[in-house]
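Reader: I am new to this structure and would like to know what lies behind the words used to describe it. Please show it to me before I ask.

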Amino acid sequence: ALVSLAQDNLKRLIAYSSVNHMGYALLGIAVMTPLGYQGAVYEMVSHGVLAALLFALAGAIHDKTGTFSIAKLKGLLDKMPRLGWLFVIAALGSMGVPALSGFVAEFMIFAGSYPAYKGLLLIPLLGGVVVTAGYFLWTLERVFFGKITPEWANLADITKYAAIPLTALLASSFFLGLYPMWLINIVKASGFF
């Protein structure tokens, strides 16, 4: 999470956030409880959906602007509302906001880990979760909000057709966040956990 916070490259920030989220999955595995294992699987599926969406959106930004540099991007939401709001909601999902899949995954991991780690669980809970929210919110503020840089005044948003597969990924994160038992039952049916 701290390495993500230090990034100025949007693609690298998302890549390091993947490492951060797999740390949560590792916590769920390390606790060796059924809820921890199920949470780890849920985290991997959830992150697969949200990271794919974030990488696709970062690629679309690069296609439109020619850069991944967070410092060069500013106020893109004015010119790219479809792309911008998709990115905002995907980032909220990665932060673990309720109603999106990231919340269910992290909740399961922390609930499954509590019996084993008790007070030590505050380290990833307060440290990792707070820093994750920090780097995503700071990135959103720098890239999408504020007054647009004159360099990007003529940008065009992604088309409605280009937004369809991206919206499908976002919808799957909402589905997993609102109906978690669908995936949990599949994981339980495997008989492994």
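Reader: In which helix is A40 found?

Author: A40 is found in helix α3. Helices are DSSP runs of H or I with at least four residues, strands are runs of E with at least two, and both are numbered from the N terminus. This is a predicted model, in which local features need pLDDT of at least 70 and side-chain atom pairs count only at pLDDT 80 or more, while totals for chains, interfaces and linings use all residues. Residues are numbered from 1 along each chain as its sequence is written, and side-chain values use heavy atoms, with hydrogens and water left out.

Reader: What makes A40 count as buried?

Author: The relative accessibility of A40 is 0%. Buried means under 20% relative accessible area, exposed means over 50%, and partly exposed is in between, with a 1.4 Å probe and protein chains only. A40 therefore counts as buried.

Reader: Which residues is A40 in contact with, leaving aside its neighbours within four places in sequence?

Author: They are A25, G28, I29 and I109, where contact means heavy atoms within 4.5 Å.

Reader: Is S17 buried or exposed, and how do you know?

Author: S17 has 1% relative accessibility, so S17 counts as buried. This residue is found in helix α2. Apart from neighbours within four places in sequence, S17 is in contact with S4, H47, Y135 and F136.

Reader: Why are α2 and α5 called oblique to each other?

Author: Helix α2 (residues 10-30) and helix α5 (residues 101-117) pack at an angle of about 45°, and their axes are 9 Å apart. Axes are lines fitted to C-alpha atoms, for helices over the stretch in contact, and angles run from 0 to 180 degrees between N-to-C directions. Angles under 35 degrees count as roughly parallel, over 145 as roughly antiparallel, 65 to 115 as roughly perpendicular, and the rest as oblique. The pair α2 and α5 is therefore oblique.

Reader: Which residues make that contact, and how do they divide by class?

Author: On α2 the contact is made by H21, Y24, A25, L27, G28 and A30, and on α5 by E106, I109, F110, S113 and Y117. Seven of the residues in the contact of α2 with α5 are nonpolar, three are polar and one is charged. Ala, Val, Leu, Ile, Met, Phe, Trp, Tyr, Cys and Pro count as nonpolar, Asp, Glu, Lys and Arg as charged, and the others, Gly among them, as polar.

Reader: At what angle do α3 and α4 pack?

Author: Helix α3 (residues 34-65) and helix α4 (residues 81-95) pack at about 150°, with axes 10 Å apart. The contact is made by L50, L53, L54, L57, A58, A60 and I61 of α3 and by L83, L86, F87, A90, A91, G93 and S94 of α4. The contact of α3 with α4 has 12 nonpolar, two polar and no charged residues.

Reader: What makes F87 and F144 an aromatic pair, and why is it called tilted?

Author: The rings of F87 and F144 are 5.1 Å apart, centre to centre, with 45° between the planes. Rings of Phe, Tyr and Trp (its six-membered ring) pair if their centres lie within 6.5 Å; planes under 30 degrees apart count as stacked, over 60 as edge-to-face and the rest as tilted. The pair of F87 and F144 is therefore a tilted one. Both F87 and F144 are buried.

Reader: What does the pair of F87 and F144 tie together?

Author: F87 lies in helix α4 and F144 in the loop between α6 (122-143) and α7 (160-178), so the pair ties together parts that are 57 residues apart in sequence.

Reader: Why does Y179 count as exposed?

Author: Y179 counts as exposed because its relative accessibility is 53%. F175 is partly exposed, with a relative accessible area of 35%. F175 and Y179 form a tilted aromatic pair, 5.5 Å centre to centre and 40° between the planes. Ring pairs link F175, Y179 and W182 into a cluster.

Reader: What is the phi of A99, and where does A99 lie?

Author: A99 has a positive phi of about 85° although it is not a glycine. A99 lies in the loop between α4 and α5. At 28% relative accessibility, A99 counts as partly exposed.
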